[in-house]
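Subject: Structure handover

Hello,

Please find the structure below. My notes follow it.

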Amino acid sequence: MRQGRLIATGVMLAFCLFALWQALLLSLTDRLGPGPGFFPFWLALIGAVLAVALLFTTFREPVDPADAEVRILPHGPGAKRWLAIVVLLAATAAAMEIVGFRLAMLVFNAALVIALGERRWWLIAVFAVLGSFGVHYIFTTWLDVLLPAGWIWS
Amino acid sequence: MILRRRTLLAASAATATTIASPAIAQNYPRRPVQLIVAFAAGGSTDVGARILAAAAEKDLGQTITVVNKGGAGGQIGFTEIARARPDGYTLGFLNLPAVNTIILDPERKAAFNVDSFIPIVNQVLDPGLIWVKGDSPYKSVADLIDAAKKEPGKIRACTTGILSDDHLAILMMQEAAKCEFRIVHFDSGTQQLAGVMGGHVDVAFDNVGSIVKRIESGEARGLAVTDVVRSKFLPNVPCTKELGYTTVISSSTRGVGAPKGTPADIVKVIETAFLKAINSADMKQKMDVAGLALKPMVGAEYAKYYADTQAQAKKYTEWALKMR
Amino acid sequence: MEAFHHLLAGFAAALTVKYLLFALAGCVLGTLIGVLPGLGPAAGTAILIPLTFSLDPTGAIIMLSAIYYGAMYGGTITSVLINVPGEAASVVTCIDGYQMALQGRAGSALAIAAIGSFVGGTLATVALVLVATPLATLALKFGPVEFFALMVAGLCLVVGLAGKNMLAALLMTVIGLLFAMIGLDPVRGAPRFTFGIEELYDGIGFVPVVMGLFGVAELLIAAEKRQARMIQADLKNWMPTKEERRASAGAIGRGTVIGFILGLIPGVGAIVPTFMAYVIEKRVSKTPERFGKGAIEGVASAETANNAYANAAMVPLLALGIPSSPTIAVLMGAFIINGLTPGPFLFQERPELVWTVIASFFVGNALLLILNLPLVGLWAKLLKIPFSYLCTGVLIFCVIGAYGLKQSLFDVWVMLGFGIIGYLLRKLDFPIAPAILALILGPMMERSLRTTLEMSGGSYAIFLDRPVALVLLTVPVIVLGALLLRPGTFSKLRETDTD
């Protein structure tokens, strides 16, 4: 936990320093008052100072034995489910442009419920179709939401 | 089953592509059309756009939704219009000369240029107006200029955005009268109103349309219309030409445009529907109430106006940039 | 008086079949979202935004507000039945609500929560009607200087309530503000932090970020855990007994006052009012030892304060344009998507919209009561949906919501990225709410500060000339500084994230 917090604060410090550098590339002020770089510059500077302060206080904090038990990254039997969600979402986002919302979602729905432990194939099939073709129909026809059609079909 | 699903998919996918084909124009518009306004709700561009949208809906046969994308003197909204899919479902209001000055300012790194838009039909020509709060000590342009000369850089004059027509008007006035204002940039007429009425700024360089009603009620006082003639909505407010400031001439025109690449036949459908709406008696009456002067232009005339504004704005923008 | 006329007209509009249906749909969907474990009102409201794309602005706002307080109530059901708060504001309800359920009094607990929510919500809306117009009129006198100060004060308050995590909350606020800088600079139009990526020109999408941080992150956390078991409760006899009703009356009254007053202050968040109402109720009780063992006053006070807060929090949003919690920030995002900028000018320019929406709050509260008293058993059945379907179903909505707003797959990636970030931050106990508020307030803060400095010709002395701004700016900053140097003062009010 403490180590995790230290790493996260370190990442935020790096982020602030990067923003500081980027802000310096913009003009801080011009004749008409504060420029585009003004606000980001001060924010990044304050953020960097805060991050250093947080690093310092976290470092000084006594190690709480209960905290050491807390695992930051997904672990145990749940890690597979966690990974399934992330990987399938990413794959769906990537596939949607090519095959379109309906087909990408059909596969996503079926794959995710199976990965999360569902085994009744008929329920999976009904859910996957309703959750892709059904949802697509409702959103595009009734609610005027545009969804990707997929370019391989055109 | 699989075969049927495929044809279904293919059919719907085909209609969603953006390549020009006569079949599209026949179907157009199949769903609601978005009309992007590059300024916040409540400003005069927005008011005119909403009246136009409501009127053109009937002829277009689909809902037209006005979407406000304010900020950066219109740049955020114009960028959105330029980047939209050229399928006729995203149109936008082009404010001249705001579009032009943004293109001309290198620091802005505009993601669009003159050719990014197809100007379709113009709606409004709104001359500039210099106005103050109703109980302001400045009763005329002369009072204002005197004050600005007495305390250079102290009188706060606000615009509706950097390099907007209002900003150019201030620069023109500074040059003509050899005085200096402290320029405060807001991003909408609404904020300008709040600023002047709340006493946070001293004078607004604005356009006639947004303020007519408040001048009639005495809440605000018009000092001058930046035009060669008086505005028909404000017959008692002098124009800059009669006051001797012949170089202080500024206005904002607003019309409907589409992103580059929108099929010509769809453009034609839009032009017809919007022009019909603009020329209707109902439109004239509503725009009179709003204090907006109609100036319908289409096709070659509007395209020429667009090109001319670009050339004219170039001069002023370079000048404004030099002053920076 | 004028407000009263506007309100009557608002009722006339809100009671048309169309808007009634939107409010009803919102209440049903909101309750649904609240009942689903792990999905709070912020994620729920964000996820359901696409449903309102085709509605007119008034209808969209009515429906989303109904979703908001529906979700605030829905969280109660899971608190009582499975001891899992559907949203942070229901944490307190768990204490006595679950105990009541174990004693077989789940029906009474849920019924008193519904009644308390209705009374608290309705009275808070009455007070909103009275307070909003004068406040908006006052706010019209505010210039950029005052607005900047007000936003700083609001953010300071959020940070100050983060307890022992204050330094982290402050850092999260600054990071949220930095993310808000992405896109075109709102004054000069110069691109910042865009790295030539076109999708970033309009800024990083608020809705995909919220969906990621609250929706996807919650699912990722839930996926890792074992699922909670629901207790078999008898929900047929839901009518509270006479003495239960008598015991709750005072608690409901006090809860309303506490919830409303705290709702007016930008930045308080929903959890503080519920805690405070509970603590006060225990203090005034003749039998404080019953609290934590199934005292109905505990449920009544927390739930009443919760809904009174939810409605009162609309006051700073509508009158000042400042959101006080992540969910309100999402609602504000919905206003902006519909081309409306909440704030004092909205009252002047679109009174019909504002008052119709306010009238719809009354309608929504009444609908919620009708929905919840007899239908509690039905909602409870939703808890039996297996996680696999629940999770997948919610993700379908997340993808549609993130994509549909701008037809951009880039936003789906943003959502996924912030989902993972949100998961890590939650695990590391970094507060997320301050970052969300900062993200939506960032552009406005920058604008007002820069306009302020344009007005003063670059001099910061302008803040000294404006007493209101000076007070708003210095008091919170000094208090925050004092708290930072002497931590532990507020540690009881530990910030929990989902509103």
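The contact between chain C and chain A takes 64 residues of chain C and 67 residues of chain A, where contact means heavy atoms within 4.5 Å. About 5700 Å² is buried between these two chains, and carbon and sulfur atoms give 80% of that. Buried area here is the accessible area (1.4 Å probe) that two parts lose on being put together, summed over both. On the chain C side, L171(C), Y389(C) and L428(C) lose the most area to chain A, together 12% of what that side buries.

Before going on, the ground rules. This is a predicted model: local features need pLDDT of at least 70, side-chain atom pairs count only at pLDDT 80 or more, and totals for chains, interfaces and linings use all residues. Residues are numbered from 1 along each chain as its sequence is written, chains are lettered from A and ligands numbered from 1 in the order in which they are written, and side-chain values use heavy atoms, with hydrogens and water left out.

Back to chains C and A. The salt bridge count between them is 0; a salt bridge is a side-chain nitrogen of Lys or Arg within 4 Å of a carboxyl oxygen of Asp or Glu. There are 6 residue pairs in polar contact, both residues at pLDDT 80 or more. A polar contact is a pair of N or O atoms within 3.5 Å; within protein, one must be able to donate a hydrogen and the other to accept it, and residues adjacent in sequence count only if both atoms are side-chain atoms.

Which elements of chain C each supply at least two residues of the side that touches chain A? They are α8 (166-180), β2 (191-192), α9 (206-224), α17 (387-404), α18 (409-427) and α19. Helices (H or I, at least four residues) and strands (E, at least two) are DSSP runs, numbered from the N terminus. The largest share, 13 residues, comes from α17(C). By class, this side of chain C has 46 nonpolar, 8 polar and 10 charged residues. Ala, Val, Leu, Ile, Met, Phe, Trp, Tyr, Cys and Pro count as nonpolar, Asp, Glu, Lys and Arg as charged, and the others, Gly among them, as polar.

Next, chain C against chain B. Here 30 residues of chain C meet 33 residues of chain B. The buried area is about 2600 Å², with 51% from carbon and sulfur atoms. In chain C, R188(C), R447(C) and M455(C) lose the most area to chain B, together 21% of what that side buries. The rule counts 0 salt bridges between chain C and chain B. It finds 6 residue pairs in polar contact across that interface. On the chain C side, α7 (144-160), α15 (344-349) and α19 (433-455) each supply at least two residues. The largest share, 4 residues, is from α19(C). The residues of this side divide into 11 nonpolar, 8 polar and 11 charged.

Now chain B itself. Chain B is divided into domain 1 (28-126 + 252-323) and domain 2 (127-226); the bounds come from an automatic or database domain assignment. The C-alpha centres of the two domains lie 25 Å apart. In the contact between them, 25 residues of domain 1 meet 21 residues of domain 2. About 1800 Å² is buried there, 66% of it from carbon and sulfur atoms. D126(B), Y316(B) and W319(B) supply 26% of the area that domain 1 buries against domain 2, more than any other three residues. Between the domains there are 0 salt bridges and 4 residue pairs in polar contact. On the domain 1 side, α12(B) gives the most, with 5 residues.

Some local points. The structure holds 20 aromatic pairs over all chains. Rings of Phe, Tyr and Trp (its six-membered ring) pair if their centres lie within 6.5 Å; planes under 30 degrees apart count as stacked, over 60 as edge-to-face and the rest as tilted. One pair is F181(B) and F205(B): the ring centres are 6.0 Å apart and the planes at 65°, so the pair is edge-to-face.

Two backbone features also deserve a look. A cis peptide bond joins L96(B) and P97(B), with omega about 10°. P97(B) sits in the loop between β3 (90-96) and α5 (98-104) of chain B. K178(B) is not a glycine, yet has a positive phi of about 55°.

Best wishes
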